[in-house]
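Biologist: Could you take me through how the helices and strands are arranged here, one question at a time?

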Amino acid sequence: MNNVESGSSPRPEVVIIAPVIPDENTQGLAGRYLLDLVAALDSFNPLIFSPDTMRNRRTAARGAPRHRLVELNAKPGTRRQVRPLTSPLPAHRGFARALLEDPEIVAIMDNARVIELYGLESTPLAMSLRKRFPSARITVTLPDVATDRSTTPPGVASRKFARAERRASGVADTVITFSPEARSRLAEVNNATVIFPPFMARSAASFDPSAAHQRAENHYPVPADERFDDVDSWIRHRFGWKQFKRRVHAVYGPDVSCDAGESPTHREPTFALSVVIPVYNGEHGLSDQLDSLAMQPEADELDVVIADNGSTDRSATVAQAYANAFGAFRVVDASAARGPSHARNIGALMARGRDILFVDADDELRMGYVSAMRSALERHVLVGSVPLLSMPGEAPPPIPKEPKSLRPGPFWFPEYALGGALGVRRETMLEAGGFDESFRGHEEVDFCGRIQQLGYEMVGVPTAVYDYRQRSTLRDAFRQYQHYGHTSIQLWVKHHEEIELQSISLRSTVRPMVRAALRTISSTDRISLEQNIRGVGWMLGTVGGHLRYRVFGSIPNSKLINNFKSVDE
């Protein structure tokens, strides 16, 4: 029984495989979200495949989204009962066999761009679908992960949940959860992204405000410093339909490429402010930053440039979903050289604003950020904002009473701001030569120092705050700080003859490294372990920097914007 006749409907670009089909009477989180998902995917002609069960027949009779009920094709003598929703095993025996043996269904899925497996019960199909339809993108939505799982039986059932999630994420192109907290629970999954369910905004505005408030506090903690009058307003902005539809199109939309048709050059500013976002393989975190930027009151007045540094994932497609959220929007090719410095330089050359804000793809702006930075750039040419260290899945930290936007430079270097926390006058940036692309770390220290050497002042903006996302694994944190330590010596070697800097030596680095390693071994909690791991990485990196830049004298030449032939002098 189904409501789709062969050849009578447009070819579906997105196929959704779900254990149950929802209707307007559905009240559960999973069912309501599926209804919203189908509505947001309307332009892609979505089609739901569900088992032909009595429950689904009753729902179809009441009216449901475009669907097809698949007659179960179980082996003789096999029980066809529905398993509990908490089970990570198939919900209906014979469903997978029926999907893959029906020629018409196979033809539909063979022509689909995306095959969505909705719910943990559908995840065992992932491997079979990947082998049968290699050209389709496989996405998996795990609504159960977004709950606190207080009803999940302990022991064997919990381990089955974890195994099913890992198995599905290893095969799927994208895993969707409903909150950053849920994404952080999938510790071994690096292809997870968040789509916030829009029912939160409806709950706050209409039928159940208390439930919306409780869920907002439990799963989506409201930052105490968000500048909205009440929780209702925050929910409507954070979980509104526009934000939902953008995130849906970022995951399920057709692939696009970056714009390589425009050459970097000087141009007259047509906007007061541009925002440049360098990105490299940021598919699963870029939406968080773009959402936070789109929520700023000045979004319609911004020129946004996404500088794609040679991503091999769908970063450009995710970015393009936000094309209508700003005054101007472009995804440009910045793949000629690897590194954030090159991407920022290309983005700045392509920018159409008098002033430029640099933000990173994996961070998230607090409300009021753009307003505070724009006001500061009216009076100064180089400004820095306040980074608040934030771990994935944790509640955003509160703003301290005395927030610090500028950091003391290493080796007595001038104060600076992080690369994702900078605002600068475009002509001043070009005068200084932009970011030195020979650096793969500490490029912001070098950049801010060179502008201050030209006689300009560096000013902090304590009212511009953003969440500075930290690496989620100890291995990533170690490598990041090892890299920082290495490039700190490159910074010293480049500038020690022109600026009076602190003296350094290889011997003074080795002893602290040994002490940090001993502290790491004796660490008793996660926080101290992370701090010591970073310390060991930093010290090991500085040893490598001493050997490369000071002992062997392998110093890379500076590469500034002045070297670009496309820049008119």
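**Helices and strands in the model**

Modeller: In this predicted model, helix α14 (residues 340–350) lies across β8, β9 (302–308), β10 and β11, and α14 runs at about 155 degrees to β8.

Biologist: In which order do the strands of the open sheet of eight strands follow one another?

Modeller: The pairing within this open sheet of eight strands is mixed. Read across the sheet, the order is β10-β9-β8-β11-β14-β13-β15-β12.

Biologist: Which strands stand at the edges of the sheet?

Modeller: An edge strand here has a single partner strand, so one side of it is left without a neighbour in the sheet. The two strands to which this applies are β10 (328–333) and β12 (364–365).

Biologist: Which residue of β11 is the bridge partner of V276?

Modeller: Strand β8 (residues 271–279) and strand β11 (residues 353–358) run parallel and are joined by five bridges. The partner of V276 in β11 is F358.

Biologist: Are α17 and α18 roughly parallel or roughly antiparallel to each other?

Modeller: Helix α17 (residues 443–453) packs with helix α18 (residues 474–495) at an angle of about 25 degrees, their axes being 10 Å apart. Angles under 35 degrees count as roughly parallel, and the two helices are therefore roughly parallel.

Biologist: How many charged residues does the contact of α17 with α18 have?

Modeller: From α17 the contact draws on V445, D446 and R450, and from α18 on L491, K494 and H495. By class, two residues are nonpolar, one is polar, and the charged residues number three.

Key:
Residues numbered from 1 in each chain as written. Predicted model: local features only at pLDDT ≥ 70, side-chain atom pairs only at ≥ 80, totals over all residues. Heavy atoms only, no water. Axes fitted to C-alpha atoms, helices over the stretch in contact; angles between N-to-C directions. Helix = DSSP H or I, 4+ residues; strand = E, 2+ residues; numbered from the N terminus. Parallel < 35°, antiparallel > 145°, perpendicular 65-115°, else oblique. Contact = heavy atoms within 4.5 Å. Nonpolar A, V, L, I, M, F, W, Y, C, P; charged D, E, K, R; others polar. Pairing = 2+ DSSP bridges.
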